[in-house]
Amino acid sequence: MGELRDNILRQQLQAELEEAKELESKGKDKEAGVHYVKAAEISRMLAYNAPRVDADDFFDAAHQYESMGNIIKTTTGYARASSPDMIDHLIVTQKPKTKWDDIGGLEDAKRTLKEAIILPFIKERPVFVRMTKSVLLYGPPGTGKTMLAKASSNTLSATFFEAKASGLLSKYFGESSKIIDALFSKARKMQPSLIFMDEIDSLAPSRDTGIDESSRRVLAQILQGIEGFETGPEDKVIFIGATNKPWDLDDALLSRFQKKVYIPLPDEKSRKSILEIHMKGADLGELDMQKLVERSDGYSGRDIASLCQEAILNMVREKNPDLDGMTSSKLETYKLRTRPMEQADFDSAFKKIKPTSKPESVRRYEEWGRQFA
């Protein structure tokens, strides 16, 4: 019961953060601040029910969300973009707890990453075994690229920097390159560290597309940052970029990646594993899991996670019709009512959750990989 409650709170937390970032990107700072504060409240609720080893992380996150809410409500413009607090917010630093077993399938990708990233960290190694310091993960949206990066960082006990394009692309002229410089500088100070830059095609599009001067400076700063820790053989800083559009990347940046790893849509075995991960703790009753595996063909890992969440929420809504009107204080003492999962819950979910990738786009990834990876 507690695990199901935590899953619902985590979904609410994610929804609040996504809404806050969406509003912030539109310049609606006060509204965004409200959602950051709500995210802080939910994070504290998770902390109170978490094992002691995890509670501190939730409390730290709550403090970060609350601080961010106050920052964007009380500062504006250039001053905010330049502030150290803002840079710390845009460059999310954490010690990830994601393990390889938390990721369903992707065995080939896991093995490639382990070989590329973990082996060179062994101190007693021949001089010809060199570190892989830059890896590109490419493939359809929602296939597990972020989780793979976090699992890599966890294995190395490294500080994890998750730098998203939406945060690094400052709306204040000239600030993006400063933020990226701060990112690489901080990663060097806190090594061993791993920088994960998602949506890297947004930050470093091909110069053949006629990008503006500001974008050129951002690209130059990224290239300079990668080259900076590549020149220090003992520096333990790894850069992982992820993209859903590898064909849009600038050639100079593409050449910097020592490894290019394709993260495909999950196969049948992987889909079964992903379903089991996201349905863990739920009473499956007489649910036909093999039928779900077959119906989810073409779905990404994220699609399957959304599918499971929607099916679970369908059950939760039925048994708790007043849940959406409850305050956070009432949720503290409310005992969630549940029942075994039914096929109808997933029938409803399949109507709402559709695969995000088309067969033709999958073929394009495979063709690009044959040519460039």
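1. **Helices H6 and H7.** In this predicted model, helix H6, spanning residues 107-118, packs against helix H7, spanning residues 145-156, with axes that come within 11 Å of each other and cross at roughly 40 degrees. The two helices are therefore oblique to each other, and the crossing of H6 past H7 is right-handed. On the H6 side, the contact is made by Ala-109, Lys-110, Leu-113, Ile-117 and Ile-118, while H7 supplies Leu-148, Ser-152, Thr-155 and Leu-156. Sorted by class, these contact residues come to 6 nonpolar, 2 polar and 1 charged.

2. **Two H7 residues to look at next.** Ser-153 lies in helix H7, and with a relative accessible area of 0% it counts as buried. Setting aside residues up to four places away in sequence, Ser-153 touches Pro-96, Ala-158, Thr-159, Phe-160 and Leu-194. Ala-149 is also a residue of H7, and its relative accessible area is 0%, so Ala-149 is buried. With the sequence neighbours up to four places away again left out, Ala-149 touches Phe-160, Leu-194, Phe-196 and Ile-240. For a distance you can check quickly, take Ala-149 and Val-135: they are 14 residues apart in sequence, and their C-alpha atoms are 9.7 Å apart in space.

3. Leu-106 is found in the loop between strand E1 (91-94) and helix H6. Its relative accessibility is 12%, and since buried means under 20%, Leu-106 counts as buried.

4. **Glu-199, another positive phi.** Glu-199 has a phi near 55 degrees, again a positive value in a residue other than glycine. Its place is the loop between strand E4 (193-198) and helix H10 (200-203). Is Glu-199 buried or partly exposed? With a relative accessible area of 39%, Glu-199 is partly exposed, whereas Leu-106 is buried.

5. **Asp-248 and its distance to Ile-200.** Asp-248 sits in the loop between strand E5 (237-243) and helix H12 (251-256). Its relative accessible area is 31%, so Asp-248 is partly exposed. Asp-248 and Ile-200 are 48 residues apart along the chain, and their C-alpha atoms are separated by 9.6 Å.

6. **Helices H13 and H15.** Helix H13, residues 268-278, packs with H15 at an angle of about 40 degrees, and the axes are 9 Å apart. That angle makes H13 oblique to H15. The crossing of H13 and H15 is right-handed. Which residues make the contact of H13 with H15? From H13 come Arg-271, Ile-274, Leu-275 and His-278, and from H15 come Gly-301, Ile-304, Ala-305, Cys-308 and Ile-312. By class, the contact of H13 with H15 has 6 nonpolar, 2 polar and 1 charged residues; the contact of H6 with H7 likewise divides into 6 nonpolar, 2 polar and 1 charged.

7. **Ser-300, on the way into H15.** Ser-300 is located in the loop between helix H14 (289-295) and helix H15 (301-319). Ser-300 is buried, with a relative accessible area of 0%. What does Ser-300 contact, leaving aside its neighbours within four places in sequence? The partners are Pro-141, Gly-142, Thr-143, Leu-265, Pro-266 and Thr-356.

8. **The whole chain.** Finally, some overall figures. The secondary structure of the protein comes to 18 helices and 6 strands. Of the 373 residues in the protein, 47% are buried. Among the contacts with a separation of 6 or more, 79% are between residues 24 or more positions apart. The accessible surface of the protein is about 19,000 Å², and carbon and sulfur atoms account for 49% of that surface.

Terms used. Residues numbered from 1 in each chain as written. Predicted model: local features only at pLDDT ≥ 70, side-chain atom pairs only at ≥ 80, totals over all residues. Heavy atoms only, no water. Axes fitted to C-alpha atoms, helices over the stretch in contact; angles between N-to-C directions. Helix = DSSP H or I, 4+ residues; strand = E, 2+ residues; numbered from the N terminus. Parallel < 35°, antiparallel > 145°, perpendicular 65-115°, else oblique. Left-handed = near helix turned anticlockwise from the far one by under 90°. Contact = heavy atoms within 4.5 Å. Nonpolar A, V, L, I, M, F, W, Y, C, P; charged D, E, K, R; others polar. Buried < 20%, exposed > 50% of the residue type's maximum accessible area, 1.4 Å probe, protein only. Areas by Shrake-Rupley, 256 points an atom, 1.4 Å probe, with all protein chains shown as cover.
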